[in-house]
Amino acid sequence: MKVYFFVRTTAKSKKKDVTIRLRLRDGQKINMFAATSLSIPLNHWNDKGKTCRDKIRDLAIFPEKEWYKDQLEGLEKHVKTAYQQLKEAPTAEWLKETIDTYFRPKQEEQEKPVNLFEFIENFIESSKSRINPKTGKKIAVSTIKKYTTCYHLLAEFSMYKNLSFDFKDIDMKFYTSFVKFLNQKAVHKGKDEEGNDITETGLAVNSVGKHIAVLKGFLNEAAEQGHNSFRGHKSKNFTVLTENADAVYLNEQELDLLFNLDLSGNLRLERIRDLFLVGCWTGCRFSDFSAISPDQITNGFLHVRQEKTGARVVIPLHPVVKSILDKYNGHLPPAPSNQKFNDYIKEVCALALINEETQKSITRGGRRVTASFKKSDLVSSHTARRSFATNLYKNGFPAISIMKITGHTTEKSFLKYIRVTPEEHAILLAEHWQRINDVIDNGHKGND
């Protein structure tokens with residue numbers, strides 16, 4: 001009896017992730033196939049590999065390779081063990097269920113009920129090897145970090161209130177008290193020039209909302225697994241708080257300043273600038289534009305499977321992007337961590353004199369606070385994606401087409417994302433009316 005792994009490829013599949021499939025064979029009578037929950041970029045798959053671990057290419061640009069190898073090795077052992085324990089002939093339905101139980105083990109009967117904190121701890125631990133059903137890939141490290149942060153805040157809140165709480169206690173009274181705690185929490189923001197700690201009172205409202213969203217996710221998953229029968233978090237007032245954050249974008253003139261900035265004397269900043277401009281002219285997130293490789297480019301188009309959503313997008317290469325790719329012979333320079341990237345791109349923008357005074361408002365600790373900043377101090381890796389979407393929108397490119405490139409699924413979320421001021425909207429309307437008048441005037445002249 002042998003277990004094999006393979007993928008099915010077509011001309012189209014070379015531009016997207018492919019599903020890993022399993023074949024079970026035992027003599028002439030048993031020969032069956034089933035799809036697994038795993039998907040992988042085709043260029044990381046080695047069809048000639050003799051063992052399950054050899055099926056995953058050892059590429060430095062694929063840090064998840066060991067995780068994939070462990071998954072295949074574990075699944076192979078799981079299927080073989082289940083097959084050996086069978087007392088009747090296997091069926092296609094049995095094989096599918098056997099594969100499913102490897103990725104989603106059936107919950108064992110608990111000797112005692114699982115409380116809220118135990119559930120969250122187990123959920124976070126299992127997430128390290130769990131597969132996102134929407135993408136077929138492992139849960140992102142950033143997602144696990146969000147889970148962990150929320151867990152620590154709940155534990156801190158429990159200590160602050162000097163009480164323990166469980167599923168039954170999560171109601172509107174808990175919600176009000178927890179939000180108040182988050183709004184009063186001291187937040188460390190680094191150190192000043194003299195080395196003194198900088199703290200602010202209260203989390204930003206969007207941060208509070210994200211933690212409430214994660215908590216609701218925990219409670220919903222616990223209900224799915226039969227651990228939570230209480231519905232306090234389902235109240236319409238148990239809301240995920242949000243506000244439209246003030247975020248900057250760079251217009252096309254500012255992008256030209258960056259492109260023409262001479263950074264030949266500072267290789268570190270030159271590479272950061274180039275990576276940032278690729279993001280500004282593709283609309284990709286940092287995780288995607290920092291990992292662009294030559295095999296993603298075909299006939300002048302960039303094909304990206306978004307890491308965050310798993311969605312596939314196709315983007316034409318802007319001349320700036322072509323120039324930068326040519327500069328590095330098709331292989332972009334390696335990116336530092338997102339945090340370091342954000343620090344470095346602020347340096348670049350300051351050198352380019354993108355220092356316009358900008359107002360930024362944020363609700364923190366329940367109070368709306370407005371402060372002035374240099375624009376360069378507000379630029380981050382995500383500014384690239386906002387700049388792409390906003391500049392296209394201002395140039396009159398259809399919103400629905402921009403959404404197909406950025407991967408936004410609703411126009412509501414997209415319109416919140418772009419950064420166009422009321423004054424800029426007024427200018428866009430004035431220009432629209434002017435174009436209409438020009439057409440009418442030209443028509444009258446033609447009739448004369």
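I436 is partly exposed, at a relative accessible area of 38%; here buried means under 20% relative accessible area, exposed over 50%, and partly exposed in between (1.4 Å probe, protein chains only). This is a predicted model, in which local features need pLDDT of at least 70 and side-chain atom pairs count only at pLDDT 80 or more, while totals for chains, interfaces and linings use all residues. Residues are numbered from 1 along each chain as its sequence is written, and side-chain values use heavy atoms, with hydrogens and water left out.

I436 lies in helix α15 (residues 422-447); helices (H or I, at least four residues) and strands (E, at least two) are DSSP runs numbered from the N terminus. Together with L429, W433 and I440, I436 forms a nonpolar surface patch of about 380 Å² accessible area. Such a patch takes residues with over 30% relative accessible area and no salt bridge, nonpolar side chains (Val, Leu, Ile, Met, Phe, Trp, Tyr) being joined within 5 Å and like charges within 9 Å. Accessible areas come from the Shrake-Rupley method with a 1.4 Å probe, and for residues only the protein chains shown count as cover.

## Sheet β8-β9-β10

Three strands make up an open antiparallel sheet in the order β8-β9-β10. β8 (297-298) and β10 (312-316) are the edge strands, each with a single partner, so one side of each has no neighbour in the sheet. Pairing requires at least two DSSP bridges between two strands. β9 (residues 301-305) and β10 are joined by five bridges, and H303 stands opposite V314 in β10.

## Helix α10

V320, V321, I324 and L325 are buried in helix α10 (residues 319-327). Viewed down the axis of α10, the buried residues fall within an arc of 130°, so they line one face of the helix; the arc is that of the directions from the helix axis to the C-beta atoms. These residues pack against α7 (252-260), α8 (267-280) and β8, contact meaning heavy atoms within 4.5 Å. P319 and D326 are exposed on the other side of α10. Just after α10, N329 has a positive phi of about 55°.

## Salt bridges

The structure holds 16 salt bridges, each a side-chain nitrogen of Lys or Arg within 4 Å of a carboxyl oxygen of Asp or Glu. E347 and R268 form one at 3.4 Å, N to O. This pair links distant parts of the chain, with E347 in helix α11 (residues 338-351) and R268 in helix α8, 79 residues apart.
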